[in-house]
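Please read the following account with the model open beside it. The text begins with a single residue and then widens to a helix, a core and the whole chain.

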Amino acid sequence: MRQFKYDRQREFLSRDAIHDEQAQLLAAHIEYCRAKSPYYAKMCADFPAATAANSFDILSSMPFTTKDDLAGNINRFVAAPECDIRDIAFSSGTTGAPLPIVYTENDLQRLAYNEQKAFIACGMTPHDKILLTCTMDRCFIAGLAYREGVRAVGASVIRNGLNSLESHAGIIATLKPSIIIGVPSFLKKLIKFLTAENIDPGCVKKLICIGEPVRSNDCQLSLLGSLLEKLWGASVYSTYASSETITSFCDCEAGCGGHLHHDLAILEIIDDNGSQCGPGETGEVVITPLQMEGMPLLRFKTGDISRYFDEKCACGRSTPRLGPIAGRKQQMMKINGTTVYPETVFSCLETLPGIMDYYIIAQSCDGHLTQAEVTVSISGDSALTVETISNRIAATARVRLPVAIKPHDQVCRKIFPGASRKPIRFFMVDGKEIAT
Ligand SMILES: [Zn+2]
């Protein structure tokens, strides 16, 4: 079994040393995939044996692995015997049906090590007390990853999960956590609740934000990120990961993009033709996670759109940094020639006082999303109008979208279908009418 041990020196290796270590780990990973994964055994059949000298060249000539490949062949990706599987989770299912992802003991240790590196980089210490506001159950891997990462740092964790605002407020008042991990829109609701209840949030020094972007394309805090920083009086960090690759990227204390952990993954950004993008160029995030056992992957297309930066970071690390996730490739809208992702509109709405909830319905034409309507609910005392909301979206997203204001219960029924606790805020329809 492999051992993952945090080594501060490894965090600050030179680019050459990083490349050499990655080349070796990648060669071992390719050969592991060939030997243990039925899917990759077939795919790798015509490639030469991987060594540190040729592993990057082999990787760049390999086909990509997509979520559709996984969905159609999920059992053929499993590379460990059933008796070695320790945890089975589902990928988040943001596109298509949820897929079972298996993890061995090695993978769970890797998961903890990955988050340990991320959390230490953003300043977490053994003296911290971390409130988790995301779920550890329901077959999600993220909550478990954060908990194991906090444990590895040597800090303490409070697993309050998807509990009520009242419950989280009670914990903040009594246990005084120093760091909160959660979704930005929820953290905004929570600070407003604390303010209304006269509960001092002064104990909270850092917010680690998941699931929604808090930075703009230049990696500066977005309006939502700045709002959270101001309301909480705490530093805001962003982290990004995917269940399939169990690889996370997290802001360091310099706060200018999520560092790649070079011994755990290879990062590529690719354009629509599959060619590699340069630093700062926008494309799809492709990850080859290293040192994985249960379900190893090669060139996995995440479906997420971002960019990377490779100049040396102010923190001293030389690893590339992943910018904010602009959105999902499948959700890219092209409205009157302007590209816009739902996340841009959502972030804008989150900064408008009086907006309670919202969703977008986009209309597909010839395979492209060319029209969209925004529906919101507003608080009873809000002076917001359809026009003011539309103007704000136009100022942020550079497109003018029709806006409808509807009763809050009607909006909630749309975004929380069935027993879902995770809101669905983006819908795609075919045809000419936008139906709500
Ligand atoms: Zn840094």
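**From one residue to the whole chain**

Ile-171 is part of helix α8, which covers residues 165-174; helices (H or I, at least four residues) and strands (E, at least two) are DSSP runs, numbered from the N terminus. The model is a predicted one, in which local features need pLDDT of at least 70 and side-chain atom pairs count only at pLDDT 80 or more, while totals for chains, interfaces and linings use all residues. Residue numbers start from 1 along each chain as its sequence is written.

Ile-171 has 18 other C-beta atoms within 10 Å and is therefore partly exposed; on this scale a residue is buried if 20 or more other C-beta atoms lie within 10 Å of its own, exposed if 12 or fewer, and partly exposed in between, with C-beta atoms placed from the backbone. Apart from neighbours within four places in sequence, Ile-171 is in contact with Leu-131, Ile-158, Asn-160 and Pro-177, where contact means that the C-beta atoms of two residues, placed from the backbone, lie within 7 Å. Ile-158 is 13 residues away from Ile-171 along the chain, and their C-alpha atoms are separated by 8.7 Å.

Lys-205, in the loop between α9 and β6, also counts as partly exposed, because it has 16 C-beta neighbours inside 10 Å. Once neighbours within four places in sequence are set aside, the contacts of Lys-205 are Ser-178, Ile-179, Ala-234 and Ser-235. From Lys-205 to Lys-329 the separation is 124 residues in sequence and 34 Å in space, C-alpha to C-alpha.

The next element to consider is α10, in which Leu-224, Gly-225, Leu-227, Leu-228 and Trp-232 are buried. These residues cover an arc of only 160° around the axis, which puts them on the same side of α10; the arc is that of the directions from the helix axis to the C-beta atoms. The cover over the buried residues of α10 includes α9, β6 (206-209), β7 (235-242) and α11 (342-350). After α10 comes Gly-233, whose phi is positive, near 65°.

Which residues touch the most other members of the largest nonpolar core? They are Cys-122, Ile-181, Leu-207 and Val-345, in a core of 112 residues, a nonpolar core being a set of buried Ala, Val, Leu, Ile, Met, Phe, Trp, Tyr and Cys residues joined through C-beta atoms within 7 Å. Domain 1 (1-327) and domain 2 (332-430) both give residues to this core, so it lies between them. Leu-207 touches Ile-180, Leu-187, Leu-228, Trp-232, Ala-234, Val-236 and Tyr-237, when residues up to four places away in sequence are not counted.

The domain bounds come from an automatic or database domain assignment, and the C-alpha centres of domain 1 and domain 2 lie 28 Å apart. Between them, 13 residues of domain 1 are in contact with 9 residues of domain 2. On the side of domain 1 that touches domain 2, α9 (184-196) and α10 (223-232) each supply at least two residues.

Taken as a whole, the chain contains 13 helices and 21 strands. Its radius of gyration, taken over C-alpha atoms, is 22 Å, close to the 22 Å that the globule rule gives for 436 residues, so the chain is as compact as a globular protein of that length; the rule is 2.2 Å times the number of residues to the power 0.38. Of the 436 residues, 44% count as buried.
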